[in-house]
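Welcome! Try each task before you read its solution.

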Amino acid sequence: MLKTYRGSCHCGRVKYEVDVDLAAGTGRCNCTFCSKSRSWGANVKPEAFRLLCEETDTNDYQFGTMSGHHRFCKTCGLHAYGDGYVEQIGGAFVSINVACLDDVAPEELASLPIHYADGLNYNWPNSPKITSYL
Ligand SMILES: [Zn+2]
C-alpha cells in the first residue's frame, strides 16, 4: 500500500518525506558500495520524494559509472538517500534508505520483501549465490 513516510539521518539534519509502497519490494545488493554501507533501499520516482532540508546539508559521493549520487549528511555521515538516472530501471529515481525511515514498526520492517541484487557483477536482476550477510 502506498504510504507517506518520513525519513532522516541520525542527527536529524537531513530529512525527507517519501510516498512509497514498501510491500512492493525493497532491495539489498552486494556491490562494493552497498555491501560496505549495508544499504537497504527502495526506489521511487523523484516526484514521490520531498527533501525537507537543503541539498547543501548533504555531501554527494559518486563512483563507477557515476550514474548515482549517494547523499550523506554533512554532520553525522549517515547515508539517508541517493538519486540518479539509470535507463534500465526507468530513468530518474530516488533511492531511500529504508533503515532511515522514522515511522515504521519493527513488524512492518521484518515483513518487507527483499530483492537481493548481484550488483557486484552488474547483474542486478539476479541474486548473488550468498545473500545472508547482506
Ligand atoms: Zn545527520
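**Exercise 1.** How much space lies in the largest pocket?

Solution. Keep in mind that this is a predicted model. The largest pocket holds about 1300 Å³ of space. Its lining is made up of 41 residues, and those closest to the centre are Cys29, Asn43, Ile89, Phe93 and Trp124.

Next, look at the elements. Those giving two or more residues to this lining include strand E3 (26-29), helix H1 (32-37) and strand E4 (41-44). The largest share comes from E8, with five residues.

**Exercise 2.** Find which residues coordinate the zinc ion, and describe the geometry of the site.

Solution. Start with the donors: the SG atoms of Cys9, Cys11, Cys73 and Cys76 coordinate the zinc ion at 2.3 to 2.4 Å. Along the chain, these donors follow the spacing C-x1-C-x61-C-x2-C.

Now turn to the angles. Among the four donor atoms they run from 105 to 120°. Four donors count as tetrahedral if all angles lie between 85 and 135 degrees, so the site of the zinc ion is tetrahedral. For comparison, the ideal angle for four tetrahedral donors is 109.5 degrees.

**Exercise 3.** Is cysteine 73 buried or exposed? Then classify cysteine 76.

Solution. The cut-off for buried is under 20% relative accessible area. Cysteine 73 has 4% relative accessibility, so this residue counts as buried. Cysteine 76 has a relative accessible area of 29%, which means that cysteine 76 is partly exposed.

Key. Residues are numbered from 1 along each chain as its sequence is written. This is a predicted model: local features need pLDDT of at least 70, side-chain atom pairs count only at pLDDT 80 or more; totals for chains, interfaces and linings use all residues. Side-chain values use heavy atoms; hydrogens and water are left out. Donors are N, O and S atoms within 2.8 Å of the metal (3.2 Å for Na, K and Ca); water is not among the atoms, so sites may look incomplete. Four donors count as tetrahedral if all angles lie between 85 and 135 degrees; four count as square planar and six as octahedral if opposite donors are over 155 degrees apart and all others between 65 and 115; anything else is irregular. Buried means under 20% relative accessible area, exposed over 50%, partly exposed in between (1.4 Å probe, protein chains only). On a 1 Å grid over the protein atoms alone, a cavity is a set of points where a 1.4 Å probe fits but cannot get out, and a pocket is an open set with protein on both sides within 12 Å along at least five of seven lines; lining residues have an atom within 4 Å of a point. Grid points are joined across faces, edges and corners, and a volume is the space filled by probe spheres set on the points. Helices (H or I, at least four residues) and strands (E, at least two) are DSSP runs, numbered from the N terminus.
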